[in-house]
Amino acid sequence: MEEEAESRDQLKPNTVAVKQVAGDIAADNGVAKLGGSVELESETLGFLSQKNSQNCSLPASGVNALSLALSQLTIFYDGKVCVFDAIPVEKMREIMLIATTAAGNTVDMKNAATDCATALASQQAQLYPLPGASLCKLHAELPIARRHSLQRFLEKRRDRLGNRNPYPAPSTPNTKTNLGAATSPESVCFGTSPVRPDELQPKAPAHAA
Amino acid sequence: MEERRTAPFNTGMPDAVLKCVLPYLDGPRDRASISLVCRRWYELDSASRKHITIAFCYTTTADRLGRRFPAVESLKVKGKPRAAMYDLIPDDWGGYVRPWVQEVAANLDRLRWLHFRRMIVRDSDLEVLARSRGGVLRALKLDKCSGFSTDGLFHIGSMCRELRTLCLEESSIVELDGQWLHEIAMNNSILETLNFYRTDLVQVSFEDLERIARNCCNLTSVKISNCEILDLVGFFRAAAVLEEFCGGSFNNEQSDRYNAVTFPPKLCRLGLGSHRMPSVFPFASLLNKLDLLYALLDTEDHCLLIQRCPNLEILETRTVIGDRGLEVLAQSCKKLKRLRIERGSGNVSVSHRGLTVLAQGCLALEYLAVYVSDITNASLESIGTYSKNLCDFRLALLDREETITDFPLDNGVRALLRGCEKLRRLALYLRPGVLTDVGLGYIGRYSPNVRWMFLGYVGSSDTGLFEFSKGCPSLQKLEMMGCCFSERALAHAALQLPSLRYLWVQGYQTSSQSSDDLLAMARPCRNIELIPARRVITTDQVEEAVVLEHPAQILAYCSLAGPRTDFPETVISLDPVL
């Protein structure tokens, strides 16, 4: 185990040694976490180290990761964190099965990739320890809380302008480069030019809103 | 240390001298130091302390305040956690003003200025206050409060005739009528500040506003809710010395009529809920504060307006200002001290590009709060290099972009902290992976003067929190969201951080043994409260049910008052004795 840890350290200089905890396996393409203490058999470790030597030498570029449609596997064991890229789903299942059998617990084998995991699976991501999958899930599910006063204003204005789609899709590719005047639904420029009748919806007086 | 308890400590300074000096020392930290020297100085301080801020209402009791500082003239009490502004705290959580009002009414004879923030106020409390201190009260601020109606305000209007300041900003008030404002109009001739901005009070009559403007020759600041601007022509004409105006709405289809509205000549602080910026152009160069949070301007409009405001010191707006607006700001507004960019709902966003330019251009910046869609280490370094006056920095990373350009941000955050030596308040709301445990350790190591922090989705394991809590020597108040930290780590941090007296956490790794790990942080004079995970069902604007899952919350704070006794069902007090 020590040699494996060192070799991993060489390949992944930023692996953080977490404090001594019971072994955990967190598959980043699914929320699968073994609770309590897990003892991995030595043959399991051998299997894992084999996988390690195959995969850790290749920092998966974004292109490779996409073309192979692979997932990332994070293993917490004996105070070390290991991140494996480019693990085919079937292999991952095998690993989980072995670990499960060793641990004697049931594991929830969800296959859906979390948005967070894929988002962070870029070139840089695998060099840094990833936070637990449960945290990514929490972040994905909980929108940033809005300040109450501003939220009310935005809702009222949305109603007045008759726009029923309050959250336009953020994934437009040129969003970042769009530094020019916005034509977003939220802001209609009146300025000094005459107001175009089609932009104005019949509005209730604001104080009744 | 005292060996002879009865003998007074000889400071070599007669009381008379100290009493001459004390009035010049009004900073709370100085006063706190003075009170620790010896019993005599403690007594002299107590007798002469003029202002008290109770940063959290459950840290002490109202009668303790009255016993120690009977001569206090100005009192500020804060209640609910800040998260209440984001709808994360149950409405009935607590923070009742009643005990404080009762103390004011019974014992605090010198009280003139009263400010409650995020607290629950009842009409009966306002009546008690008005009856007992109405003759002398000079300022009342009910700031983000709730639980009262316009009937309570009626008592204030009719009995508090010495009021110079009435502020109700962002409070949730049940509106029964507009009589309260009428009472003020009929009874008050010395009002200087009137504020019911961001409230839903709409039954107020513009004639009453006009009457107030005519009667009160020192009226300098008026912030209202949605009242049609065309109705305020008379008000603006009468308010000759008005310097600040916010609110109002522009609903009239005949937009020409707005050209007839002339603003008072000394107006230099403005907030308009409008698209009609050209009417502001004539006096834009006078403006030192601009509130565009509720304006209907797009990026271009922002640019056109901002470039005409060379004296601007304070700007609040939404992300629609865009990076381009920040460039214009950097070029035109060299005196800018405070900038707040709230989250809008459109496509335009603010990013590291705008922030870098801003930092280089606006060197006087003291407060910066911004929602960004993207951020880089380089831009944070720029802030560290140029924003040498920055005391308060708040950054929230929106989730609109799937990946951000440059992460982790460990080095950028370190550079910012090392560069901004005056930093007192810090907020970073990020996402998993953007600030690693190493970065969290940097925050601990490089924030010697920071007293308040809000951290969201930072770090990746307990190690990060462990490293963080080795530092932060001045940290008094810590708020965290979306933590990967275990209860044990949180308890450890609460014990390690030397100045910590208030901890709020939502979203953390709950441990299997219910709350025993948290009790590790239990100490005498420390309360620990839990709000377990809740499911809140609300209806959105299209009348559909929306289910919100609120993760569990912890609130731990130092207190001389013992555990609370007034909490609702949603709140659980952890008492190690039980």
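Predicted model: local features only at pLDDT ≥ 70, side-chain atom pairs only at ≥ 80, totals over all residues.
A residue counts as buried when its relative accessible area is under 20%.

**Strand 20 of chain B: side chains**
- Tyr502(B), Trp504(B) and Gln506(B) point one way from strand 20 of chain B, and all are buried.
- Leu503(B) and Val505(B) point the other way and are likewise buried.

**Strand 20 of chain B: pairing**
- Strand 19 (residues 477-481) of chain B runs parallel to strand 20 of chain B, and five bridges join the two.
- The chain gets from strand 19 of chain B to strand 20 of chain B by way of helix 18 (residues 487-496) of chain B, in a right-handed β-α-β crossover.
- Strand 24 (residues 553-558) of chain B is antiparallel to strand 20 of chain B and is joined to it by five bridges.
- Leu503(B) stands opposite Leu478(B), and its bridge partner in strand 24 of chain B is Ala556(B).

**Confidence in chain A**
- Chain A has a mean pLDDT of 47, with 22% of its residues at 70 or more.
- Over residues 1-69 of chain A pLDDT stays under 50, and the model has 122 contacts beyond four places in sequence for them.
- Residues 104-130 of chain A also stay under 50, with 56 such contacts beyond four places in sequence.

Notes
Residues numbered from 1 in each chain as written. Chains lettered and ligands numbered in written order. Heavy atoms only, no water. Buried < 20%, exposed > 50% of the residue type's maximum accessible area, 1.4 Å probe, protein only. Helix = DSSP H or I, 4+ residues; strand = E, 2+ residues; numbered from the N terminus. Pairing = 2+ DSSP bridges. Right-handed = clockwise from strand over helix to strand, strands pointing away. pLDDT = per-residue confidence, 0-100. Contact = heavy atoms within 4.5 Å.
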